[in-house]
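Me: I've got a chain open on screen and some quick questions about it. Can you walk me through it?

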Amino acid sequence: MRKPRDFDSELKALADKAKQLKERRVQQLGELVIATGADATDAETLAGALLVIADTTDTGMKEAWRKRGAAFFQNKARKRGEGTEHQPGGTLPLDGGAASA
């Protein structure tokens with residue numbers, strides 16, 4: 001006879017996984033702020049700059065920012081001797097650069 005599924009434990013496992021992913025994303029964002037040197041900027045200025053980025057609809061500007069960010073990661077990888085296919089600390093840019101849509 002087939003064992004009934006335990007939906008409660010499956011939902012709890014999914015919720016735990018979602019929480020881990022959210023925590024990882026927050027950690028990666030913090031690491032990104034530090035890696036770019038933006039941690040030297042006060043929180044209000046940094047928040048203002050991020051709001052401008054989030055509100056920007058100019059795709060040319062966003063593409064220029066994306067290219068500059070990609071170059072930043074490539075240069076950091078080269079300095080570490082890892083090549084361009086790996087990211088610092090074994091992480092990838094958040095959402096592959098698609099998070100700013």
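Reply: Below we go through the fold, the confidence, the salt bridges and a surface patch of this predicted model.

Me: How many helices and strands are there in the chain?
Reply: The chain has 3 helices and 0 strands. From the N terminus, the order is α-α-α.

Me: What share of the residues is buried?
Reply: Buried residues are 9% of the 101 in the chain. The chain exposes about 8,400 Å², and 58% of that comes from carbon and sulfur atoms.

Me: Switching to H1. What span should helix H1 have, and what does the model give?
Reply: H1 covers residues 7–36, which is 30 residues.

Me: What follows H1?
Reply: Gly37 does, with a positive phi near 85°.

Me: What's the mean pLDDT?
Reply: It is 85 for the chain, and 80% of residues reach 70 or more.

Me: Where does pLDDT stay under 50?
Reply: Over residues 84–88. The model has 11 contacts beyond four places in sequence for that stretch.

Me: OK, salt bridges. How many?
Reply: The structure holds 3. One of them joins the side chains of Arg5 and Glu10, at 2.7 Å from N to O. Arg5 is exposed, because its relative accessibility is 52%. Glu10 is partly exposed at 32%.

Me: Which residue does Lys12 pair with?
Reply: Asp16, with the closest N and O atoms 3.2 Å apart. Lys12 and Asp16 are 4 residues apart in helix H1, so about one helical turn separates them. Asp16 is partly exposed, at 36%.

Me: And Glu63?
Reply: Glu63 bridges to Arg66, with the closest N and O atoms 2.8 Å apart. Both lie in helix H3, 3 residues apart, about one turn. Glu63 is partly exposed at 32%, and Arg66 is partly exposed at 38%.

Me: Last topic. Which residues form the nonpolar patch on the surface?
Reply: Leu50, Val52, Ile53, Met61 and Trp65, with about 430 Å² of accessible area together.

Me: Which helix gives the most?
Reply: H2, with 3 residues. H2 (43–55) and H3 (59–80) each supply at least two.

Me: Is Ile53 buried or partly exposed?
Reply: Ile53 is in helix H2. Ile53 counts as partly exposed because its relative accessibility is 33%.

Definitions and conventions. Residues numbered from 1 in each chain as written. Heavy atoms only, no water. Patch = residues over 30% accessible without salt bridge, like charges linked within 9 Å, V, L, I, M, F, W, Y side chains within 5 Å. Areas by Shrake-Rupley, 256 points an atom, 1.4 Å probe, with all protein chains shown as cover. Salt bridge = Lys/Arg side-chain N within 4 Å of Asp/Glu carboxyl O. Buried < 20%, exposed > 50% of the residue type's maximum accessible area, 1.4 Å probe, protein only. Expected span 1.5 Å × (residues − 1). pLDDT = per-residue confidence, 0-100. Contact = heavy atoms within 4.5 Å.
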